[in-house]
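Please study the sequence and the model shown below. The paragraphs that follow lead through charged pairs, helix packing, the backbone and the surface.

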Amino acid sequence: MSKTTVFSIPFDDVSLEEAAERAVAMSEERRSAIAVTPNAEILLAARRDARLRQILQRADLTVADGIGVILASRLLGQPLTHRVPGIDLAAAVMAKLAGKGESVYLLGAENGVGEQAAERLQMRYPGLRIAGVCGGYFNINEEETLRREINAACPALLLVCLGSPRQEKWLDENAGKLHFGLGIGLGGALDVFSGYKRRAPVIVQRVGLEWLYRLICEPRRIGRIARLPLLFLAAAKIRLGGNQA
């Protein structure tokens with residue numbers, strides 16, 4: 001499986017359909033594989049956080065979530081051709097798993113959001129089984145109970161929506177203790193699947209401006225968005241210096 005390296009992170013430059021097929025195949029193996037969907041913000045964080053960077057490097061499947069990653073890859077001279085938003089990947093995988101009568105476990109978000117997401121997902125994907133739901137505000141004393149519940153269900157898909165880098169680190173820490181097919185860190189995806197939040201219109205998604213739509217809807221994100229040009233500056237510096245990172 002060929003990889004395209006961007007800021008020392010090996011990406012699978014595959015289409016949404018190809019990524020979903022690989023993800024489903026991994027889920028059927030029940031070997032606790034991990035998929036990651038870095039956007040520009042996560043790439044920037046990984047340059048400062050060695051542990052997060054190592055987790056991304058070890059992932060079984062890595063796809064470029066946002067347009068920022070695509071632009072950075074072009075600046076580095078290692079262009080990625082496919083953008084695969086994590087939420088679209090999860091949706092495509094669940095659609096395929098539903099046809100097989102497979103299961104998904106939903107972990108994260110505020111209490112009640114996961115349950116609402118579960119109801120809507122079962123309506124959207126008849127045949128998909130909900131193996132369990134747990135809110136994201138669990139404490140360390142509740143983790144063992146959570147692990148036992150996941151292991152008892154052994155879901156084909158484990159969606160961990162705790163925000164980055166917490167979700168990636170939690171999956172990395174627990175994969176060896178858990179029995180599931182494929183785990184994916186998906187940030188605020190349960191808010192969308194539940195209907196609590198809406199995605200940008202499809203045309204906005206297609207032109208790569210979903211980040212701008214989210215900024216308009218959530219102005220408090222401005223601080224996070226303002227740091228992203230640092231990624232492009234780093235890419236330009238590396239390209240001019242002739243060294244990949």
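The side chains of Arg199 and Asp88 form a salt bridge, with 2.5 Å from N to O; the term denotes a side-chain nitrogen of Lys or Arg within 4 Å of a carboxyl oxygen of Asp or Glu. Arg199 belongs to the loop between helix H9 (189–193) and helix H10 (202–206), whereas Asp88 belongs to helix H5, so the pair ties together parts that are 111 residues apart in sequence. Helices (H or I, at least four residues) and strands (E, at least two) are DSSP runs, numbered from the N terminus. The model is predicted: local features need pLDDT of at least 70 and side-chain atom pairs count only at pLDDT 80 or more, while totals for chains, interfaces and linings use all residues. Residues are numbered from 1 along each chain as its sequence is written, and side-chain values use heavy atoms, with hydrogens and water left out.

A search of the whole structure finds 16 salt bridges. One of them joins the side chains of Lys96 and Glu21, at 3.2 Å from N to O. Lys96 lies in helix H5 and Glu21 in helix H1, so this pair connects parts that are 75 residues apart in sequence. Both residues are partly exposed, Lys96 with a relative accessible area of 23% and Glu21 with 42%; buried means under 20% relative accessible area, exposed over 50%, and partly exposed in between (1.4 Å probe, protein chains only).

How do the helices H1 and H5 pack, and at what angle? Helix H1 (residues 16–29) and helix H5 (residues 86–98) meet at about 55°, with their axes 9 Å apart. Axes are lines fitted to C-alpha atoms, for helices over the stretch in contact, and angles run from 0 to 180 degrees between N-to-C directions. H1 and H5 are therefore oblique to each other, since angles under 35 degrees count as roughly parallel, over 145 as roughly antiparallel, 65 to 115 as roughly perpendicular and the rest as oblique.

The backbone also deserves attention. Most residues other than glycine have a negative phi, and most peptide bonds are trans. Ser32, however, has a positive phi near 55°; this residue lies in the loop between H1 and strand E3 (33–36) and is buried, with a relative accessible area of 13%. A cis peptide bond, with omega about 5°, joins Ser164 and Pro165. Pro165 is located in the loop between strand E7 (157–161) and helix H8 (166–174).
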